[in-house]
Amino acid sequence: MIYLKLFWSFLQIGLFSFGGGYAAIPLIQSQVVDINQWLSMSEFADVITISQMTPGPIAINSATFVGTRIAGIQGAIVATIGCVFPSCIIVLSLAYIYYRYRGLSVVQGVLNGLRPAVIAMIGSAGIALMNLAFENGKGVSGKMGNVNFISVAIFSLAIIILRKWKSNPIFVMIGSGILGLCVYSLDL
Amino acid sequence: MKENIKLYFKLFTSTFYLSAFTFGGGFVIIPLMRKKFVEEYKWIEEKEMLDLTAIAQSSPGAIAVNASILVGYRLAGVLGAMITIFGTILPPLIILSIISVAYTVFRDSLIVNYVLRGMQAGVAAVIIDVVINMTIDLLKERKAMPVMVMIGAFIATFIFHINVIVIIITSGVIGAVSMYYTNYVKKSGGLK
């Protein structure tokens, strides 16, 4: 019964969270905190914090966290499956349509319009992330104009390495993490 | 058969690996996938990757999961999609199950915070780098419509925070109309 409830709740989260990431937070909150009271508000805030600190989508992270809390590992698995199930059906249908009809001139036109828009949206996400990194204080938006120069330096170095040597982005990310650890520890 | 198993295994390991490094939101998986599947393996074309991103973005659910489903489906059908979903959700599932046991320790750890603070700048650099590459490619086409759509979509999303679905539908319509218009103009021009 509890498995069914977990599955159903996270199925709704998966089905109605468009736009990914932060757009899903209110939806998760209503299911997990308000309707089912599986987590308190402060526990939910912790889930968001952890999600920002770990890889993986917020919805999947919440599913694992809540599932584990309520019904152990099985609960986590059931909630996660519920969460990805709607994407699975919808994305596979769209993929089928795309590969079948992408040769059509109308579809070509639509895709020609979509590609630049996608670049713009990725760019916008990148700049938002850059601003967050450059802000002083731990992600909490502090005083304006208070720039974290260590972040700016790491960012610039990373951009130079990426553009000049076309390095593997994952190594650049790990390198920035290690650099952050060294520099910030010294700064104490 | 043996070839298939090899492909399945490669799909699983690469999505698992990419998912484990998708810090800072779902979009981060796009440059990582592009590097792996477009540049390294050459399994997917550049333009196709952008199309798949548009589909991932306009479907409900997490972008990282949606993009993985698409790559899996493209390379090995529905079974491939199942494998890539599994590869993508496994890292957060493992990490979160461990962390949910001792999350206050993790959250308050200075070392973790320093590493993440550094990584944040690195992740931003990775995304900006890939956007620069894609913009250069777009400008090389020397067409006005895509550049205008890109600028318009950027202003709409970054400054006005307009819903992504609205942006996607609008740019799709602009693309279709522009295609119709150029075809029509060419044809009528040819008749005279």
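Biologist: What do the numbers and letters follow?
Modeller: Residues count from 1 along each chain as its sequence is written, while chains are lettered from A and ligands numbered from 1 in the order in which they are written. The model is predicted, so local features need pLDDT of at least 70 and side-chain atom pairs count only at pLDDT 80 or more, while totals for chains, interfaces and linings use all residues.

Biologist: How is chain A divided?
Modeller: Chain A has domain 1 (2-101) and domain 2 (111-187). The bounds come from an automatic or database domain assignment. Over C-alpha atoms, the centres of these two domains of chain A are 27 Å apart.

Biologist: And chain B?
Modeller: Domain 1 of chain B is 2-130, and domain 2 is 143-192. Their centres, over C-alpha atoms, are separated by 30 Å.

Biologist: Which residues of helix 1 of chain A meet helix 2 of chain A?
Modeller: Ser9(A), Gln12(A), Ile13(A) and Phe16(A) meet Leu27(A), Ile28(A) and Gln31(A) in helix 2. Contact is C-beta atoms, placed from the backbone, within 7 Å. The residues of that contact split into 4 nonpolar, 3 polar and no charged. Nonpolar is Ala, Val, Leu, Ile, Met, Phe, Trp, Tyr, Cys and Pro; charged is Asp, Glu, Lys and Arg; the others, Gly among them, are polar.

Biologist: At what angle do these two cross?
Modeller: Helix 1 (residues 2-16) and helix 2 (residues 25-35) of chain A cross at roughly 165°, with axes coming within 10 Å. Helices are DSSP runs (H or I, at least four residues), numbered from the N terminus. Axes are lines fitted to C-alpha atoms over the stretch in contact, with angles from 0 to 180 degrees between N-to-C directions. The two helices of chain A are therefore roughly antiparallel. That term takes angles over 145 degrees; under 35 is roughly parallel, 65 to 115 roughly perpendicular, and the rest oblique.

Biologist: What about helix 1 and helix 4 of chain A?
Modeller: Helix 4 (residues 58-101) and helix 1 of chain A have axes that come within 7 Å and cross at roughly 40°. That makes helix 1 oblique to helix 4 in chain A. Their contact has 20 nonpolar, 5 polar and no charged residues.

Biologist: New topic. How many residues does each chain give to the contact?
Modeller: Chain B gives 89 and chain A gives 83.

Biologist: Which helix of chain B gives the most?
Modeller: Helix 6 of chain B, with 23 residues. The side of chain B that touches chain A has 60 nonpolar, 23 polar and 6 charged residues.

Conventions:
Contact = placed C-beta atoms within 7 Å.
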